[in-house]
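Take a first walk through this structure. Keep the sequence and the 3D view side by side as you read.

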Amino acid sequence: QVQLVESGGGLVQAGGSLRLSCAASGSVRTIYNMGWYRQAPGQQRDLVATLPLGGTAKYADSVKGRFTISRDNAKNTVYLIMNNLKPEDTADYYCQANILNSFYRRADYWGQGTQVTVSS
């Protein structure tokens, strides 16, 4: 069994910063792509940033220059540093990872989500 557990959301004023973390645990053998998505109320879930194993990060245009994704492979953890937050960044943020488990089954896994609220 594989689990993704997120932390770091909260309430922040516009212009502030937050750091989200997402740790994978359980029967993890290899984590390929890791990423963050967000979903605002009444909206679809959209990609924020992704970082492939040994690859280059990709960002949504709306967060380029403000958000940074990184990963610690030794800890099976992905981070999202969010700077200069704007009210339109308010959403539930979800971690996603493509994982090969100990039984050599590869699948996408999702975290439970963490809420980010940016006040104006």
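Predicted model: local features only at pLDDT ≥ 70, side-chain atom pairs only at ≥ 80, totals over all residues.

Residues are numbered from 1 along each chain as its sequence is written, and side-chain values use heavy atoms, with hydrogens and water left out.

Begin with the strands. Strands here are DSSP runs of E with at least two residues, and they are numbered from the N terminus. Two strands pair if DSSP finds at least two bridges between them. β1 pairs with β3 in the antiparallel sense, over six bridges. One place to look is Gln3, whose bridge partner in β3 is Ser25. β3 is also joined to β8 by six bridges, and these two run antiparallel. Here Arg19 has Ile81 in β8 as its bridge partner.

β8 has a further antiparallel link, with six bridges to β7. Phe67 finds its bridge partner in β8 at Met82. β7 and β8 form a hairpin, with four residues between them. In that turn, Asn76 has a positive phi of about 50°.

Now look at the two faces of β7. In a regular strand the side chains alternate between the two faces of the sheet. The covered face of β7 holds Phe67, Ile69 and Arg71. Its uncovered face holds Thr68, Ser70 and Asp72.

Next comes the interior. A nonpolar core is a set of buried Ala, Val, Leu, Ile, Met, Phe, Trp, Tyr and Cys residues joined through side-chain atoms within 4.5 Å. Buried means under 20% relative accessible area, exposed means over 50%, and partly exposed lies in between (1.4 Å probe, protein chains only). The largest nonpolar core has 30 residues. Those with the most contacts inside this core are Trp36, Leu80, Met82, Tyr93 and Ile99. The elements that give two or more residues to the core include β1 (2-7), β3 (18-26), β4 (28-39) and β5 (46-51). Also among them are β7 (67-72), β8 (77-82), β9 (91-101) and β11 (114-119). Which strand gives the most to this core? It is β9, with five residues.

Trp36 sits in strand β4. Trp36 counts as buried because its relative accessibility is 0%. Its C-alpha atom is separated by 6.0 Å from that of Gln96, 60 residues apart along the chain. Ile99 is the other stop. Contact means heavy atoms within 4.5 Å. Leaving aside neighbours within four places in sequence, Ile99 is in contact with residues including Val2, Leu4, Ala24, Val28 and Tyr109.

Ser27 lies in the loop between β3 and β4. Is Ser27 buried or exposed? Ser27 counts as buried, because its relative accessibility is 19%. Not counting residues up to four places away in sequence, Ser27 touches Gln1, Val2, Leu100, Asn101, Ser102 and Phe103.

Turn to Tyr59, in strand β6 (residues 58-59). Tyr59 has a relative accessible area of 23%, so it is partly exposed. Its C-alpha atom and that of Leu47, 12 residues apart along the chain, are separated by 7.8 Å. Not counting residues up to four places away in sequence, Tyr59 touches Val48, Ala49, Lys64, Phe67, Thr68 and Ile69. The side chain of Tyr59 also reaches the backbone nitrogen of Ile69 at 3.0 Å.

Two arginines meet aromatic rings. A charge sits over a ring if NZ of Lys or CZ of Arg is within 6 Å of the ring centre and within 35 degrees of the ring normal. The charged end of Arg45 sits over the ring of Tyr94, 3.6 Å from its centre. The charged end of Arg106 sits over the ring of Tyr32, 3.6 Å from its centre.

Finish in the loops. Most residues other than glycine have a negative phi, and most peptide bonds are trans. Asn84 is not a glycine, yet it has a positive phi of about 50°. This residue, Asn84, is found in the loop between β8 and β9. Asn84 counts as partly exposed, because its relative accessibility is 43%. Tyr104 also has a positive phi, near 65°. Tyr104 is in the loop between β9 and β10 (106-110). At 56% relative accessibility, Tyr104 counts as exposed.

Terms used: Polar contact = N/O pair within 3.5 Å; in protein donor to acceptor, adjacent residues only side chain to side chain.
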